[in-house]
Amino acid sequence: MKLLDAKMAPNSRRVRIFLAEKGLNVPVQAVALAQGEQHEPEFLAKNPMAQVPVLELDDGSCLAESAAICEYIEDLHPQPPLIGETAAQRAETHMWDRRVELGFFDHVLGTFRHTSPYFHKKMRQVPEYAECCREAGWKRLAWLDGHFADNTYLAGDRLTVADITLLCAVDFATVIGEGYDEQEFPNLTRWHADMTARPSSQA
Ligand SMILES: N[C@@H](CCC(=O)N[C@@H](CS)C(=O)NCC(=O)O)C(=O)O
């Protein structure tokens, strides 16, 4: 098994942190996104979406989509559980993961894609859409800050992949200059400090 990824890509980091929390060491092969390696036929045969991460299995088959890769790893290595041990826990984790991914991470990526020179030639950029993403993202962060007032993690006292998704999204927001104000979101700041103190956050 090997992971095709890119160091700065937040979805790749999501899988790397997930693997680190599981105590797994999977060989990594870097894909040079800025040089367009994801559009080369050899890569497209592995993921026609031209995106990392991709998990290449020993039989040569490939899995893309970070959430699906994490699910696969959890099935192979259930301990420690990062999705859940019961049907109710797994559903609760997916609920939070989707809230974070659709309600915040997608807005961060929307802000980036519709403003960054990196995407200028790759797609039609709509600056007004970036503004809508920014507003929606901030609203969701404010709501999450309230949630963290009474909960250690998103799913209460269970660390899950949803926290990993949120960590990658929040840190990527900071990288693109959309970081949050610690005074404004003290509970989110506490959660972020806890997550960052985990060795896996360096993965
Ligand atoms: N939904 C996909 C999104 C993957 C994605 O957006 N990957 C980005 C990096 S985080 C990418 O490969 N972009 C290609 C590019 O920049 O051309 C997942 O969760 O894996």
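**Helix α1 and its surroundings**

A: Helices α1 and α3 are roughly parallel to each other, because their axes cross at roughly 15 degrees and angles under 35 degrees count as roughly parallel. The model is a predicted one. Helix α1 covers residues 10-22 and helix α3 covers residues 66-76, and their axes come within 9 Å. The crossing of this pair is right-handed.

The α1 side of this contact consists of Asn11, Arg14, Val15, Phe18, Leu19 and Lys22, which meet Ser66, Ile69, Cys70 and Ile73 of α3. Sorted by class, the contact of α1 with α3 holds six nonpolar, two polar and two charged residues.

Helix α1 also packs with α6. The axes of α1 and α6 come within 9 Å and cross at roughly 140 degrees. Helices α1 and α6 are therefore oblique to each other, as only angles over 145 degrees count as roughly antiparallel. This crossing, too, is right-handed. From α1, the residues Pro10, Arg13, Arg14, Ile17 and Phe18 take part; from α6, they meet Val161, Ile164, Thr165, Cys168, Ala169 and Phe172. The contact of α1 with α6 has eight nonpolar, one polar and two charged residues.

In α4 the contact residues are Thr93, Trp96, Asp97, Val100, Glu101, Phe104, Phe105 and Val108, and their counterparts in α6 are Val161, Ala162, Thr165, Leu166, Ala169, Phe172 and Ala173. Eleven of the residues in the contact of α4 with α6 are nonpolar, two are polar and two are charged.

Next comes the ligand. Its shell is made up of Ala9, Pro10, Asn11, Leu33, Gln38, Ala50, Gln51, Val52, Pro53, Glu65, Ser66 and Ala67. Helices α1 and α3 each supply at least two residues of that shell. By class the shell has seven nonpolar, four polar and one charged residues.

Four strands form an open sheet in the order β2-β1-β3-β4, with mixed pairing. Its edge strands are β2 (28-30) and β4 (62-64), each of which pairs on one side only. From one strand to the next, the twist averages 25 degrees.

Strand β1, residues 2-5, pairs with β3 in the antiparallel sense over three bridges. Strands β1 and β2 run parallel and are joined by three bridges, with Asp5 having Ala30 of β2 as its bridge partner. Strand β3, residues 54-56, pairs with β4 in the antiparallel sense, again over three bridges. Val54 is the bridge partner of Leu4, and Val54 also stands opposite Ala64 in β4.

Note on methods: Residues numbered from 1 in each chain as written. Predicted model: local features only at pLDDT ≥ 70, side-chain atom pairs only at ≥ 80, totals over all residues. Axes fitted to C-alpha atoms, helices over the stretch in contact; angles between N-to-C directions. Parallel < 35°, antiparallel > 145°, perpendicular 65-115°, else oblique. Left-handed = near helix turned anticlockwise from the far one by under 90°. Contact = placed C-beta atoms within 7 Å. Nonpolar A, V, L, I, M, F, W, Y, C, P; charged D, E, K, R; others polar. Near = placed C-beta within 6 Å. Pairing = 2+ DSSP bridges.
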